[in-house]
Amino acid sequence: MNQITIYTLTLSAIIPLILFIISKIYKKQNKKTPPGPTPIPIIGHLHLIKQPLHRFLQQLSSQYGQIYSLRFGFRPVVVISSPSIVEECFTKHDIVLANRPRLLVGKHLNYDWTTLGAVSYGPLWRDLRRVMTLEFFSNIQLNLLTHVRVEEVRLLAKDLFKQGRNEFVEVEMRPRFSELSFNIVMRMVTGKRYFGAEVEGLEEAMVFRGIARDVFELGGASNLVDCFPFLRWFGVWELEKKMMDVRKKMDDFLDGLMDECRRNKSEVGFDAENRTPLIYKLLNLQESDPVSYSNQIIKGIIMIMLVAGTDTTNVTLEWALSLLLNHPHILEKARLEIDANIGKDRLVDETDLQNLPFIQHIINETFRLFPAVPLLSPHEPSEDCTIAGYYVPKGTMVLINAWEIHRNPNLWEDSLSFKPERFEGKHGDEYRLKLIQFGLGRRSCPGAPLANKVLGLTLATLIQCFEWENIDHEKLDMAEGFGLSMPKAVPLKAMCKTRQSIVHVIAKI
Ligand code: HEM
């Protein structure tokens, strides 16, 4: 090959590439991207960020509007806080936006992006969502395991009863709610009870409880490597090391659990009412299809259930009870509803919840003011798209500020006040786009029905069985703490006493 041929070949390869890059830049420049503050080179807007992130993003939206753009290092971000744009996202662009950004937490703590929460939209996501709906989240499956939730909530009531049988005692609710939600999900998934008087292996449970919390916290940590992916060329960073340590602990725990369940499998089998915990069903599926139900996939399923399903529920319970303590007339109204429907000769049950609309209004109003996941989970378009007339390129991180929508005074009258009555006589469709604590569209929360059952039953039981007062009659501090699930900054402590009219029922638990 002579030199001229080499030049010609090189040019014929390079020229189309240059033209392609120029056309991309040209196209990009001619497309209107959402407005936003001017970024500084390389770091974008990272230097501006303040915690809590949802409040910081709300401040920016008052300057730049209900869709605006930011840059976290190299990662473009679009923030949305309008119900009509949210509707556009999850109808017109639902499939395009069904991807999740490939964050580092997905690699280390979501088994290489193979869990239901972190996997990209596609065949694996569809398979996971189908099997989880069929085997766990459907109404039929949830109803088969009602006894687990009822028993756990009643054990919580029994514990409080022992403390405050005849007089007001001070109780700390955060650890109790945390153990309740952990035990419920763990029992539904593995059949094992981890916390409480009658259990073994508390140490093991504490370890895994810590891991589940770490996974949640590390998922929320602002991670430089996610903003500047090239940093990984220079080795493993501190946060990544922590993720790898947690992954190791989590893996050991889940391997041990799976081995134990394999050993127990023949004994547990399917009971007459088919009330089998999820893990045994997955192990059965593994026998007939070991490729689709590999150990990694099963561990990922258990992990995501614990991480997505526990903290979200217990922080909501803590907010709800705190709001009731600060609004005793609402607490009283809820109690009257329970007494009128159930009386004082039996404890409230899950089937009663349909007759307790005011309890559901309290839960909705709690979600409105304190959504457990204020920015939902990030979405990422799988191809370039146009949202609200703006160009949003593939790979942008799309954040929905549910917290801001929930408190927007143009959408909600007296938007910062706790008024469960605002939902009275309203049909869900009327607030479908402005109360979005579980997200919308294909990637919305599959655990919503389960969460509503646990929240309803727990709150109704606590209201039916106990009198509640603030310590020293001081209003509770309702400041928000940090974390991916939005906790109360100050853990809830309250005065609690058993209602004397119901002692004869609780004493039998
Ligand atoms: C108060 C309770 C809960 C709240 C507020 C909540 C909220 C959310 C939100 C906002 C999302 C992301 C939606 C989006 O991407 O736009 C989500 C996803 C998810 N939630 Fe929940 N959740 C709760 C309880 C639960 C429970 C009890 C479980 C299971 C035991 C669960 C399992 C999941 C899973 C697996 C996903 C990922 C779905 C996917 O990406 O396809 N959640 N949840």
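Strand 7 (residues 466-469) pairs with strand 8 in the antiparallel sense, over four bridges. This is a predicted model. Across that pairing, Glu467 stands opposite Lys497 of strand 8.

Strand 8 has another partner. Strand 3 (residues 169-172) also pairs with strand 8 in the antiparallel sense, over four bridges. Here Glu170 has Met495 of strand 8 as its bridge partner. How enclosed is strand 8 by the rest of the structure? Strand 8 covers residues 493-498, and five of its six residues are buried, so the rest of the structure largely encloses it. In a regular strand, side chains alternate between the two faces of the sheet.

Now turn to the ligand and its iron atom. Which protein residue donates to the iron? A single donor comes from the protein: the SG atom of Cys445, 2.3 Å away. Cys445 sits in a loop, between helix 17 (402-406) and helix 18 (448-465).

At 1.5 Å a residue, the 18 residues of helix 18 should span 26 Å, and the C-alpha atoms at its ends are 26 Å apart, so the two values agree.

The ligand has 26 residues around it, and Arg100, Trp125, Arg129, His379 and Cys445 come nearest. By class, 14 residues of the shell are nonpolar, nine are polar and three are charged.

The side chain of Trp125 places an N or O atom 2.9 Å from a ligand oxygen. Arg129 has a polar side-chain atom 2.9 Å from an oxygen atom of the ligand. With Leu116 the backbone is involved: one of its polar backbone atoms is 3.3 Å from a ligand oxygen. Which elements give two or more residues to the shell? They are helix 5 (123-137), helix 13 (295-309), helix 14 (311-326) and helix 18.

One more loop is worth a visit. Ser294 lies between helix 12 (278-288) and helix 13.

Terms used:
Residues numbered from 1 in each chain as written. Predicted model: local features only at pLDDT ≥ 70, side-chain atom pairs only at ≥ 80, totals over all residues. Heavy atoms only, no water. Donors = N, O, S within 2.8 Å, 3.2 Å for Na, K, Ca; no water. Near = heavy atom within 4 Å. Polar contact = N/O pair within 3.5 Å; in protein donor to acceptor, adjacent residues only side chain to side chain. Nonpolar A, V, L, I, M, F, W, Y, C, P; charged D, E, K, R; others polar. Expected span 1.5 Å × (residues − 1). Buried < 20%, exposed > 50% of the residue type's maximum accessible area, 1.4 Å probe, protein only. Pairing = 2+ DSSP bridges.
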